[in-house]
Amino acid sequence: MTDKLSNWQHGIISVTILFFVSVAFYLIIIQPALKIRINNAERIDNLSFQLNKFSTTKAQIEQLKEEIKNITEHDVNKGNFLEGKAPAIIAANLQKKLKTIIETNGGNLVSTHAITGKEDDSYPKVTIKVHMQVDMKALQAVLYNLTTNKPLLFTDNLLIQSRQSSSKRKNRNSGQIEVRFDVTGYLDNSAI
């Protein structure tokens, strides 16, 4: 079996070996290198797209921050909300304001009781339950002051009762009525 191969058989075997070596070289070295290069090119394209997207987003964020700043500087509703950070302090200030309004208009403040709204409300509120003694003219003035000044205050649950008194007190407190109502103001979320 040691036959000598002819030149053309030797050439065919050499070409076949060269072909298999070339295919093996391509499959082992060149194809993985090309695949890595294609994957890297795709990844670079993807990252470049994301970078451009984030750059655009960053510019949009800066623009939106500027718009928010302009809107808050020119906010016409700014004075409509109660000012302060702690609802308990805001309620105490509102009670003082109510006392001043009632007494300035000739009424007698009997009591106030503060109720704060839930923390998860979109606009937390502070409600003051008011009990006062006034005449009709003072009641009108108090309600007018509450509804026309800022911050915006809303009155509801208004209960008006005439006072039953003895004949001695009748002369002293003539025309006085008992009035109970709730006064509600809202807090701006950005202030809390």
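**Strand partners and aromatic pairs**

Student: Which residue in S4 is the bridge partner of Gln-161?

Tutor: In this predicted model, S3 and S4 run antiparallel to one another, paired over 7 bridges. Gln-161 has its bridge partner in S4, and that partner is Glu-178.

Student: Which residue stands opposite Glu-178 where S2 and S4 pair?

Tutor: Strand S2 covers residues 125-134 and pairs with S4 in the antiparallel sense over 10 bridges. Opposite Glu-178 of S4 stands Gln-133.

Student: How many residues of S4 are buried?

Tutor: Strand S4 spans residues 177-186. This strand is mostly covered, and the number buried among its 10 residues is 8.

Student: How is the pair of Phe-19 and Phe-20 classed, as stacked, tilted or edge-to-face?

Tutor: The structure holds 2 aromatic pairs. In the pair of Phe-19 and Phe-20, the ring centres lie 5.8 Å apart and the planes meet at 65 degrees. Planes over 60 degrees apart meet the cut-off, so the pair of Phe-19 and Phe-20 is edge-to-face.

Student: Is Phe-20 buried or exposed?

Tutor: The relative accessibility of Phe-20 is 55%. A residue over 50% passes the cut-off, so Phe-20 counts as exposed.

Student: What is the angle between the ring planes of Phe-154 and Tyr-186?

Tutor: Phe-154 and Tyr-186 form an edge-to-face aromatic pair, with 5.9 Å from centre to centre. The angle between their planes is 70 degrees.

Student: How many residues apart are Phe-154 and Tyr-186?

Tutor: Phe-154 belongs to strand S3, residues 154-162, and Tyr-186 belongs to strand S4. Their pair links distant parts of the chain, and the separation is 32 residues.

Student: What is the relative accessible area of Tyr-186?

Tutor: Phe-154 is partly exposed at 42% relative accessibility. Tyr-186 is also partly exposed. The relative accessible area of Tyr-186 is 29%.

Student: Where is Pro-151 placed?

Tutor: Pro-151 is joined to Lys-150 by a cis peptide bond, with omega about 0 degrees. Helix H3 comprises residues 136-148, and Pro-151 lies in the loop between H3 and S3.

Student: What is phi of Asn-157 near?

Tutor: Asn-157 has its place in strand S3 and is exposed, with a relative accessible area of 54%. Its phi is positive although the residue is not glycine, and the value is near 55 degrees.

Notes. Residues are numbered from 1 along each chain as its sequence is written. This is a predicted model: local features need pLDDT of at least 70, side-chain atom pairs count only at pLDDT 80 or more; totals for chains, interfaces and linings use all residues. Side-chain values use heavy atoms; hydrogens and water are left out. Rings of Phe, Tyr and Trp (its six-membered ring) pair if their centres lie within 6.5 Å; planes under 30 degrees apart count as stacked, over 60 as edge-to-face and the rest as tilted. Buried means under 20% relative accessible area, exposed over 50%, partly exposed in between (1.4 Å probe, protein chains only). Helices (H or I, at least four residues) and strands (E, at least two) are DSSP runs, numbered from the N terminus. Two strands pair if DSSP finds at least two bridges between them.
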